[in-house]
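Open the model in your viewer and keep the selection tool ready. Each stop below says what to select and what is there.

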Amino acid sequence: MSCLSSLQPSTTARSCLRATVHRCHSLSPAPLPPPRFLLRLPNLRRLTIRSLDAAQPYDYEARISDRFHKSTKLKIAIVGFGNFGQFLAKTLIRQGHTVLAHSRSDYSGVADTLGVSFFSDADDLCEEHPEVILLCTSIISTERVLRSLPLQRLKRSTLFVDVLSVKEFPRNLFMQILPSDFDILCTHPMFGPESGKDGWNGLPFVYDKVRIGSEQSRVSRCERFLDVFATEGCRMVEMSCVEHDRYAAGSQFITHTMGRVLEKLKLETSPINTKGYETLLNLVENTASDSFDLYYGLFMYNKNALEQLERLDLAFESLKKELFGHLHDVLRKQLFGQAEGLVVPEERPILSELPSNGIALPPPSGSVNAQSN
Ligand code: NAP
């Protein structure tokens, strides 16, 4: 109450009184100081009236709204504030969560514009006691980053979440490194800044509640985190990390590989693009916007990826064999057809050698008519 003794009827003084009264009320529901005390102050009427808008113990509306806000919003620390970390931060901020960030590079400028508090020092970040640590580092740097975090500065039972595009690896890492008090949720939003730029409605979000304590507060914290994605309309898919990696190698890894192979072909748009070709160009564009670290991580840290790469290789080889097999048949017929009594189309040109890569085979006679029909 020391500020009351020097109180003048100024705006600052009135705020001071309001703040003091508010503080007294939030500490204990004691009534206002007796009027005798207030009488000694100049301009009592204005002070008394102004103090009416201070939160009162019976101001249930304000209290309930405050409690509701606190019960639904989270304090989330993003570790790894690169491309994907920033992409997620925008939605978290829009939803009203408090977002902190830490990264190897200095992103304080970007963080400022997004409304995120940036911490260059991991100790400072952890001392803020976030409820959730959201790991958005590259797959290949995750172990180093996780081991470098000062876990002892965090609250016990902090929830650790990752968004890595592989799942068994971070799951095992979390189980191995994090103290048993910490909760673990492994997730994979199956979209990125490019595919999710127009909203997340209908996009799949995979998660595995690896270790969530049974206390109500811990269960509810995990649900509130999942709600970030559910409320955006994501298709929520609960799936084990092992299962995720099996499916993802056969879908996501193949997609990225094809995108990168096509990128090497340096495809160009043409005046007669078919829909299928447009799809390929889009695939290249989508893939190229992801870092090579991400792609390399998909290969190195998903044990099913190598098998998929080999299958892809075999499929390509078998397709080539099929084509060359047909070609061989035609050549054989042309070379030995008459001797063997086979009918060979006469006007068919004889191929002296295989056409070089990228150059189409001459069409068989009659095919021009067939195509134009
Ligand atoms: P990324 O290249 O996989 O990761 C970039 C992030 O990793 C940056 O925050 C970067 O920090 C950090 N990093 C890289 N090397 C580091 C090192 N040696 N030490 C410390 N930090 C390091 O690209 P991303 O697209 O942002 O992906 C981040 C995570 O999200 C990945 O695990 C990825 O699998 C996952 N994910 C991405 C997408 C997507 O569409 N992009 C979708 C779903 C999930 P600095 O920037 O500070 O250097």
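The model is predicted, so local features need pLDDT of at least 70 and side-chain atom pairs count only at pLDDT 80 or more, while totals for chains, interfaces and linings use all residues. Residues are numbered from 1 along each chain as its sequence is written, and side-chain values use heavy atoms, leaving out hydrogens and water.

H129 is in the loop between α8 (122-127) and β4. Helices (H or I, at least four residues) and strands (E, at least two) are DSSP runs, numbered from the N terminus. H129 is not a glycine, yet its phi is positive, about 50°.

Now select K266, in the loop between α12 (241-264) and α13 (275-288). K266 is also a non-glycine residue with a positive phi of about 50°. With 66% relative accessibility, K266 counts as exposed.

## Second stop: the sheet

Colour the strands. There are 8 of them in an open sheet, in the order β3-β2-β1-β4-β5-β6-β7-β8, and the pairing is mixed. The edges are β3 (117-118) and β8 (235-238); each has a single partner strand, so one side of each has no neighbour in the sheet. Two strands count as paired if DSSP finds at least two bridges between them. Strands of a sheet pair through backbone hydrogen bonds, either parallel or antiparallel.

Go on to strand β1 (residues 75-79). Its pairing with strand β2 (residues 98-102) is parallel, over 5 bridges, and K75 faces T98 in β2. Right-handed here means that, with the strands pointing away from the viewer, the path from the first strand over the helix to the second runs clockwise. Of the 5 residues of β1, 4 are buried, so the strand is largely enclosed by the rest of the structure.

Select residues 132-135. Is each face of β4 covered or uncovered? Both faces are covered: V132 and L134 on one side, and I133 and L135 on the other, are all buried.

β4 pairs with β1 in the parallel sense over 4 bridges. Across this pair, I76 stands opposite V132, and I78 stands opposite L134. β4 also pairs with strand β5 (residues 159-162), again in the parallel sense, over 4 bridges. There the bridge partner of V132 is L159. From β4 the chain crosses through helix α9 (residues 142-148) to β5, and this β-α-β crossover is right-handed.

Show the residues around the ligand. There are 28, and S103, Y107, T137, S165 and S291 come nearest; a residue is near if one of its heavy atoms lies within 4 Å of the molecule.

- F84: a backbone N or O atom is 3.0 Å from a ligand oxygen.
- F81: a backbone N or O atom is 3.4 Å from a ligand oxygen.
- N83: a polar backbone atom is 3.4 Å from a ligand oxygen.

Taken alone, the ligand exposes 870 Å², and the protein buries 89% of that. These areas come from the Shrake-Rupley method with a 1.4 Å probe; for residues, only the protein chains shown count as cover. The elements that give two or more residues to the shell are α6 (83-94), α9, β6 (183-189) and α14 (292-300).

## Last stop: cysteines and D245

How many disulfides are there? The count is 0, where a disulfide is a pair of cysteine sulfur atoms within 2.5 Å. Select C241: its closest cysteine sulfur is in C186, 4.2 Å away, which is too far for a bond. C241 is buried, at 2% relative accessibility.

Finish in helix α12 with D245. D245 has 1% relative accessibility and counts as buried. The C-alpha atoms of D245 and F169 are separated by 9.5 Å, while the two residues are 76 apart along the chain.

Key:
Buried means under 20% relative accessible area, exposed over 50%, partly exposed in between (1.4 Å probe, protein chains only). A polar contact is a pair of N or O atoms within 3.5 Å; within protein, one must be able to donate a hydrogen and the other to accept it, and residues adjacent in sequence count only if both atoms are side-chain atoms.
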